[in-house]
Amino acid sequence: MTLSPGLHAFLGQLINGLTVGSFYALIALGYTMVYGVLSMVNFAHGDIFMVGAYCGLFTIGRLQSIGYLETNPVLAIVVTFVVGMLGASLTGVLVERLAYRPVRRAGRLAALISAIGASIILQESVRLVPTIFKAILDIKIGSHNLFPDAFISGLLNLAKDFGGSAAKTYPAILGTGGFTLAGVFISYGRVLIVVLSLIIMLALYLLVQYTRIGRAMRAVSEDKDTASLMGVNVNRTISTTFFIGSALAGIAGVMVGLFYLQIRVDMGFVPGIKAFTSAVLGGIGNIPGAMLGGYILGLVEVLSVQVLPAVYKDVVAFVILILTLIFMPNGLLGNRKFLKKL
Amino acid sequence: MKSRLILTLFVALTLLVSGCSPAATAAPATGVLPTDTPGSTSASTSIPADPWGNIVIPPGQSVKVGLSSALAGGYAVYGTDMLNGVDLAIEKFGGSLHGWTLTSEGQDDGCEGAAGVTVAEQFSADPNILGVIGPMCSGSIVPAEDIYAANHVVMITPSGTAVAVTAQGYETVFRTVPNDDLQAQVTVDYLTKELGLTSIAIIDDQSIYGEGLATAVKQKFEAAGGTVTSFEGINRGESDYSAVVSTSMTGSPQGVYFGGMDAEGMKLVVQFRAANFSGVFFGPDGIKSQPSFADAAGAAAEGAYMTFGAVGGAAGYDDFLAAFKAKFGGDPVAYGPGSYDATLILLQAADRVATVDANGNLVIGRKALADSIRATPFTGVTGHLEFDQSGDLKVVSISVFQVKGGIITPLKEYNFGQ
């Protein structure tokens with residue numbers, strides 16, 4: 001089958017856009033879910049995504065060093081995903097407990113500033129892990145180290161693998177294999193990302209629509225006070241929302257590591273803003289809206305490269321954010337309730 | 001209403017665009033301290049006055065070698081390698097200069113212009129700084145060298161390859177690497193004559209370094225009769241370059257040239273191979289890194305080519321390599337040997353011109369130091385290094401490397417200026 005070069009390029013970019021869109025959608029879900037229950041923008045969400053990527057790297061690095069990655073790659077990747085997800089989830093719950101709950105009644109601005117503070121603390125904590133470890137291990141009693149040398153070097157190695165200011169790389173295990181469909185080459189890595197993202201999003205949708213906890217989340221998002229009068233444990237529901245939203249970001253973080261290989265402590269910033277744009281575009285507070293917004297933003301951004309110089313990609317994304325905020329502040333699928341809260 | 005909307009958009013876009021181009025935000029050279037000239041006020045009369053003033057270090061203080069490079073973020077593999085080179089050189093020199101303790105001070109400039117300027121101001125204001133190794137990237141050097149020159153601080157970059165680095169005519173600027181005009185020439189020569197390519201796509205990272213190289217390669221490749229199918233820029237630090245990979249492949253080029261650094265080069269080669277591109281991938285010295293390019297990209301990097309101002313072969317390189325491995329537990333990446341040589345050039349020149357005044361201070365004339373560096377040929381582990389008036393090397397060689405079996409391996413050496 002032969003396609004005209006223009007259509008061929010368009011289809012290729014479509015696949016690229018779906019991949020990028022999957023990342024945006026997964027991260028955007030966390031923004032939108034938190035906005036749903038707390039009516040606040042969790043600006044630390046991009047950094048929770050980063051923590052997920054680092055937890056994944058730590059896991060896959062350990063599995064590689066004991067040779068398990070070579071002997072059983074599929075299970076190793078699954079374990080990596082689970083650890084990345086849990087790491088991000090626990091971080092998210094902790095951030096909510098320490099940074100947002102104390103200021104929940106203090107107004108929007110306090111929560112926003114607290115979120116920015118949490119973002120900085122997360123980034124700098126991951127950056128400083130090796131330094132802090134070294135400082136602790138250097139503690140001396142008299143002229144002797146507090147900890148035995150072997151223990152120190154072992155722990156320092158672990159810490160080195162976890163954080164630090166230099167960029168880190170995942171092992172390149174996804175490879176570059178793939179198949180050709182209608183003249184367009186699609187790598188297995190892309191298939192993994194898009195399919196996995198869609199499955200996770202479907203699962204999330206079902207969870208929110210058809211389970212008890214999902215119903216509680218929707219109730220809290222509708223009206224916190226009434227929900228609590230109806231017997232919903234509001235604090236637990238908010239924690240659960242953070243847990244699930246952060247888990248999605250953690251999965252996205254591990255996927256970025258596996259697919260793009262390089263991760264950095266400041267990697268959460270730009271995707272965080274892009275995902276926030278997606279959430280706003282789809283209607284912040286609306287779960288299908290965040291998915292839709294993510295894919296639309298990914299596709300528009302990638303397709304813009306066909307007509308504009310590639311460096312204007314970010315400009316296109318943020319023009320979309322501005323236009324949405326000016327002309328359609330409640331987004332594509334957003335409802336009036338959130339407009340009122342804005 | 002409409003005009004207000006347009007204004008809002010315009011302001012937002014301006015903010016975005018200016019935020020995206022670090023080169024445009026280089027701080028002006030304000031707030032720089034004046035050159036310290038205590039030599040003229042001190043009681044001593046035996047110390048000759050230096051037209052640029054003296055570096056005066058009281059007894060008991062340390063003499064510092066500054067290093068401006070990327071010590072954090074995506075390019076830290078290169079910057080850390082440079083710091084290792086500086087430290088090893090100080091150790092090799094004996095750790096002291098006329099009895100004053102030598103130390104290194106590495107500052108992170110992130111391979112960016114604005115941060116490079118900040119580091120330059122910091123080093124220039126520090127009375128204990130003897131001279132500076134770096135900055136690592138041309139994008140930092142070009143704005144920072146104004147400040148070093150205004151304060152008469154000698155800087156020797158082992159890695160800044162852009163033509164612009166030595167084009168401003170400063171007497172304080174030196175580099176131990178060939179410039180990018182030669183690097184582009186070698187690249188095009190290899191692409192057309194050895195690999196027989198007639199069409200390439202070019203991508204650059206919009207930095208002074210990457211864009212300069214990409215433009216030079218484009219001109220020379222077209223002058224050699226080749227076709228450049230596309231010429232695109234990317235933003236540094238992003239993860240996904242698949243869109244630009246697809247547009248670059250639209251013209252079915254036989255090869256891709258990337259002007260930029262390891263972090264983006266690694267992601268590009270992976271994403272080109274993941275898009276089933278089987279042509280040549282060619283890059284500059286910025287991607288010649290075993291850990292952060294060849295190892296990081298894994299199988300995707302196999303067969304990729306890169307140019308680099310040649311290292312090795314020189315007498316003493318094997319001893320250097322053994323000492324480097326023993327101290328840091330691994331091979332040098334790229335500019336470790338160059339930083340080692342640059343540091344020794346600085347220290348040996350300081351050793352030649354340093355005197356001790358009547359108060360027991362170590363005194364080094366700033367102009368005397370720069371002149372001594374320029375006047376004295378040096379043979380180091382990267383070869384014979386002799387500077388011309390502009391601070392460029394008189395004799396240089398550039399080699400083409402290829403990733404073979406996962407290892408960056410030299411293929412062919414080109415010599416210039418003999």
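## Cavities

Searching the whole structure turns up 4 cavities of 30 Å³ or more. On a 1 Å grid over the protein atoms alone, a cavity is a set of points where a 1.4 Å probe fits but cannot get out, and lining residues have an atom within 4 Å of a point. Points are joined across faces, edges and corners, and a volume is the space filled by probe spheres set on them. This is a predicted model, where local features need pLDDT of at least 70 and side-chain atom pairs count only at pLDDT 80 or more, while totals for chains, interfaces and linings use all residues; side-chain values use heavy atoms, without hydrogens and water. Residues are numbered from 1 along each chain as its sequence is written, and chains are lettered from A and ligands numbered from 1 in the order in which they are written.

The largest cavity has a volume of about 100 Å³. It has 13 lining residues, and the closest to its centre are B:M136, B:C137, B:S159, B:Y209 and B:M261. The second largest cavity comes in at about 70 Å³; its lining includes A:V305, A:A310 and A:K313, along with B:G233 and B:Y241.

## An open pocket

A pocket is an open set of points with protein on both sides within 12 Å along at least five of seven lines. The second largest pocket holds about 1600 Å³ of space. Of its 44 lining residues, A:K160, A:A166, A:A167, A:K168 and B:V77 are the closest to its centre.

Among the elements that each supply at least two residues of this pocket's lining are helix 5 (108-137) of chain A, plus helix 9 and helix 10 of chain B. Helices (H or I, at least four residues) and strands (E, at least two) are DSSP runs, numbered from the N terminus.

## Two helices side by side

Helix 9 (residues 262-274) and helix 10 (residues 290-297) of chain B pack at about 15°, with axes 9 Å apart. That makes helix 9 of chain B roughly parallel to helix 10 of chain B (angles under 35 degrees count as such). Axes are lines fitted to C-alpha atoms, for helices over the stretch in contact, and angles run from 0 to 180 degrees between N-to-C directions.

Where they meet (heavy atoms within 4.5 Å), helix 9 of chain B brings residues including B:M266 and B:V269, and helix 10 of chain B residues including B:F293 and B:A296.

## Backbone details

A cis peptide bond links B:G134 and B:P135, with omega about -10°. B:P135 sits in the loop between strand 5 (129-133) and helix 5 (138-150) of chain B.

Terms used:
Parallel < 35°, antiparallel > 145°, perpendicular 65-115°, else oblique.
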